[in-house]
Amino acid sequence: MAVEAVRQDITEELGRTDNKVDLPSMSELASYVADQDTESGSEADSPTVGDYTAADPVMTVRDCNVFYGDTHALIDVNLDIGRNEVVALIGPSGCGKSTFIRCLNRMNDTIDIARVTGDLRLYGDDINARKTDVVLLRARVGMVFQKPNPFPKSVYENVAYGPRLHGLASNRAELDEIVQTSLERAGLWDEVKDRLEEPGTGLSGGQQQRLCIARTIAVSPEVILMDEPCSALDPIATARIEDLIDELSQNYAIAIVTHSMQQAARVSQRTAYFHLGRVIEVDTTDKVFTNPGHKLTEDYVTGRFG
Amino acid sequence: MQLTTLLLILAAMAVMSFMVGRQRAIGTAGGYRQIKTLHSLPKYYGYYAAIWCGIPGLILIAFWLAIADSVILDRVIESLPADLRNLPESQLSLVINDIKNIAVGQFASPDSRAELVVAADLYTALHSSARRILSGLVILLGMIGLGIAWLRLRPELRARNHVEGMVKLGLVLASTLAIFTTVGILASVLFEAVRFFQKVPVTDFLFGLTWSPQTALRADQVGSSGSFGAVPLFTGTLLISFIAMLVATPIGLMTAVYLSEYATRRVRTWVKPALEILAGVPTVVYGYFAALTVAPLLGDIGEFLGLEVASESALGAGLVMGIMIIPFVSSLSDDVINAVPQAMRDGSYALGATQSETIKKVVLPAALPGIVGSTLLAVSRAIGETMIVVMAAGLAANLTANPLQAVTTVTVQIVTLLVGDQEFDSAKTLAAFALGLVLFIVTLGLNVLALQIVRRYREQYE
Ligand SMILES: Nc1ncnc2c1ncn2[C@@H]1O[C@H](COP(=O)(O)OP(=O)(O)OP(=O)(O)O)[C@@H](O)[C@H]1O
Ligand SMILES: [Mg+2]
């Protein structure tokens, strides 16, 4: 357990009552942490509150740890993502939400200093194994980013990019078909059907994000990961994306990172609360927001910090 | 008084003014402890005084340097007897040269006329009296300046702001100097080129197919009236530049892709400096390499294949020039590729693209305008490159597209036209300026275009 983590915990506790109290020094804290870590069943080792398993899991994550160099960014994370369900990942900034979902399609491979351990599976296939075909994995586990990032190509080419890569269409007609259905399911078809040849970067922010979603579903993934997909959008565009997530959840397993409690409540069936690299609580969204089992979760969802 | 002495005196006066100004500032404030009542720190009052003392004198000296000689020469010419005074301009300038030479005591050629010696004496006398007057004026101006500064110096004087203004003025002057130099160079080239075009029509020069700039030295010589069709030079230049770009563009681009996308940090720290060394090799060394290593090698290979390769082939020069340009292309492209946002790559990876697919389909297309821009800059480098082609390309102005033959380039011809003793108003010599003008216009155009493209591309991602 990191000393800074404890110190920060204490700071946060104090922040709510009286921040004039002198904090213990780092060295005092270090000995305290050492004591805590040797005790079995101390809070550090306490299991996640609630049930992290899903009835019909698509992805299972057990004892996942992530290190960025010396930073321990994720600590013993357990979480399942079930079929046809939306899991919301919430928690204060820097708690490891993005790190977590980037493990699920091995995007952390693109960061030199990142090291991922643990047992991560997609339908029983080991995600983290050395022999896993990352390219195939990423086709099965799609990802939508915080900032819309369409390629500087036409709308059509943006959506056709993945199918072309993986040879999903054997001729132009099939490709047209895939592009159209993807755009339709992303709720963008009506807006762009007359401007398929215009650059994707010329669309509005909300349209761009839906284009990115269309691009992702064009390769028929099994899971869609979304990292704050609405944080750059206005409320109307956000509402459209939320509707879309709702619809998509009938076919895909979805994990969505969000900073908006309302959004998590609206779109997800289950919610996981992350705090300083740990999953503190996982439960049905209803339960997490109305009757949280952990003090930290309660503080967060009632807006007392974060 | 010598000019250097005068400048030294002026500098000493400025230093003295600095101290006087500083002291006076402290004095008006009422002692060193009171300097916070001054608007500026005492040293600024010092600088203020030094500027008042030194700058007017400097301006006067610069002015004098610019005009004194010609004014004095006018007076000297007026004093000459009428027959000398009314000589045509070119001969008059010879006479003036004689006068100057006599004045510095270099050689009084035995046949020089007595009038010239008299004129030379006048020239010397005028010069020394002018310099005396100048010295007096400069010192006087310095003292007046110091006096003005002294009178103006008050605690509330904003010396700091005045000094700031002077600093700014100095910086502006320094930066405009480069611009004026460019304009000056262009003007001189243009001027000489126009003289050339008075002798040879522009159309003959631009569209003529034969280049043989040997003009008759004497009027009675026959058969070498000179032919100034520059097309073979243009095609030769283009051929060699084309071969160079054929080498430099793919290798440079692949180097850039490797360095920016694949290389680990360790590799990068070694390869980048190595490339910079390649860029720092003097072009004359590339010239040896082309002439002594590559050309014989090509000859051998050609012989082996049963092809005839000229000893100074366009291919040899082009290949080596290409190698020279590689670091240029690679470092510019590297910048451009790095400017493609990481989010773009992530988007592609997240769809299951491999690294090379991502580079080919997303990174390079996104970076294309910038890469085109940097390639154009490299082309302009290649066109203007001189040393390699002087050493490795031929002098024969062949109009050919065969890279195994010898061709010549614009730069090579400029060098050969101007090397050695030349008459500076023969068409042959002036042709060099016409070629220079073409070169200047083409490379300038390419650079402007390339920078425009690169800039537009940068804006896209900011
Ligand atoms: N590329 C990286 N290199 C080093 N450390 C990183 C890197 N990415 C994330 N981290 C660290 O890992 C921790 C978790 O970061 P992460 O991005 O997962 O947080 P987050 O929960 O997504 O936060 P936010 O809500 O602000 O997006 C942070 O302490 C962060 O500093
Ligand atoms: Mg994040």
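This is a predicted model: local features need pLDDT of at least 70, side-chain atom pairs count only at pLDDT 80 or more; totals for chains, interfaces and linings use all residues.
User: Let's start with chain A. How many helices and strands does chain A have?
Analyst: Chain A has 12 helices and 11 strands. Of its 306 residues, 51% count as buried, and residues 24 or more positions apart account for 65% of the contacts in chain A with a separation of 6 or more.

User: What is the strand order in the open sheet of 4 strands in chain A?
Analyst: The order in chain A is β3-β2-β5-β6, with antiparallel pairing. β3 (71-82) and β6 (125-126) of chain A are the edge strands, each of them pairing on one side only.

User: How many bridges join β2(A) to β3(A), and how many does β2 share with β5 of chain A?
Analyst: β2(A) and β3(A) run antiparallel and are joined by 8 bridges, and strand β2 (residues 57-68) of chain A also pairs with strand β5 (residues 114-122) of chain A in the antiparallel sense over 8 bridges. As examples of residues facing one another across these pairings, Val66(A) stands opposite Leu74(A) in β3(A), while Val61(A) has Leu120(A) in β5(A) as its bridge partner.

User: Which residues other than glycine have a positive phi?
Analyst: Among them are Asn84(A), with phi near 50°, and Ser220(A), with phi near 45°. Asn84(A) lies in the loop between β3 and β4 (86-90) of chain A, whereas Ser220(A) is found in the loop between α8 (205-217) and β8 (223-227) of chain A.

User: Are those two buried or exposed?
Analyst: Asn84(A) has a relative accessibility of 38% and therefore counts as partly exposed, while Ser220(A), with a relative accessible area of 52%, is exposed.

User: Switching to chain B. How is chain B divided into domains?
Analyst: Chain B is divided into domain 1 (3-155), domain 2 (158-199) and domain 3 (227-461). Between domain 1 and domain 3 of chain B, the C-alpha centres lie 49 Å apart.

User: Take α1 of chain B. What span should its 27 residues have, and how far apart are its end C-alpha atoms?
Analyst: Helix α1 (residues 3-29) of chain B should span 39 Å at 1.5 Å a residue, and its end C-alpha atoms are 39 Å apart, so the two values agree. The helix is followed by Gly30(B), which has a positive phi near 90°.

User: Which residues of α1(B) are buried, and what covers them?
Analyst: The buried residues of α1(B) include Leu6(B), Leu10(B), Met13(B), Ala14(B) and Ile26(B). What covers the buried residues of α1(B) includes α2 (42-79) and α5 (114-152) of chain B.

User: Which residues do ring pairs link into a cluster?
Analyst: The cluster consists of Phe196(B), Phe197(B), Phe205(B), Trp211(B), Phe228(B) and Phe234(B), which are linked by ring pairs.

User: Last topic, charges over rings. Where do Arg24(B) and Arg381(B) sit?
Analyst: Arg24(B) lies over the face of Trp150(B), 4.3 Å from the ring centre, and Arg381(B) has its charged end over the ring of Phe328(B), 5.0 Å from the centre of that ring.

User: Tell me about Phe328(B). Which helix does Phe328(B) lie in, and what is Phe328(B) in contact with?
Analyst: Phe328(B) lies in helix α11 (residues 314-338) of chain B, and with a relative accessible area of 27% Phe328(B) is partly exposed. Leaving aside its neighbours within four places in sequence, Phe328(B) is in contact with Leu377(B), Ala378(B) and Arg381(B). Phe328(B) and Ser374(B), although 46 residues apart in sequence, are 8.3 Å apart in space, C-alpha to C-alpha.

Conventions
Residues are numbered from 1 along each chain as its sequence is written. Chains are lettered from A and ligands numbered from 1 in the order in which they are written. Side-chain values use heavy atoms; hydrogens and water are left out. Two strands pair if DSSP finds at least two bridges between them. Helices (H or I, at least four residues) and strands (E, at least two) are DSSP runs, numbered from the N terminus. The expected span of a helix is 1.5 Å times one less than its number of residues. Buried means under 20% relative accessible area, exposed over 50%, partly exposed in between (1.4 Å probe, protein chains only). Contact means heavy atoms within 4.5 Å. Rings of Phe, Tyr and Trp (its six-membered ring) pair if their centres lie within 6.5 Å; planes under 30 degrees apart count as stacked, over 60 as edge-to-face and the rest as tilted. A charge sits over a ring if NZ of Lys or CZ of Arg is within 6 Å of the ring centre and within 35 degrees of the ring normal. Domain bounds come from an automatic or database domain assignment.
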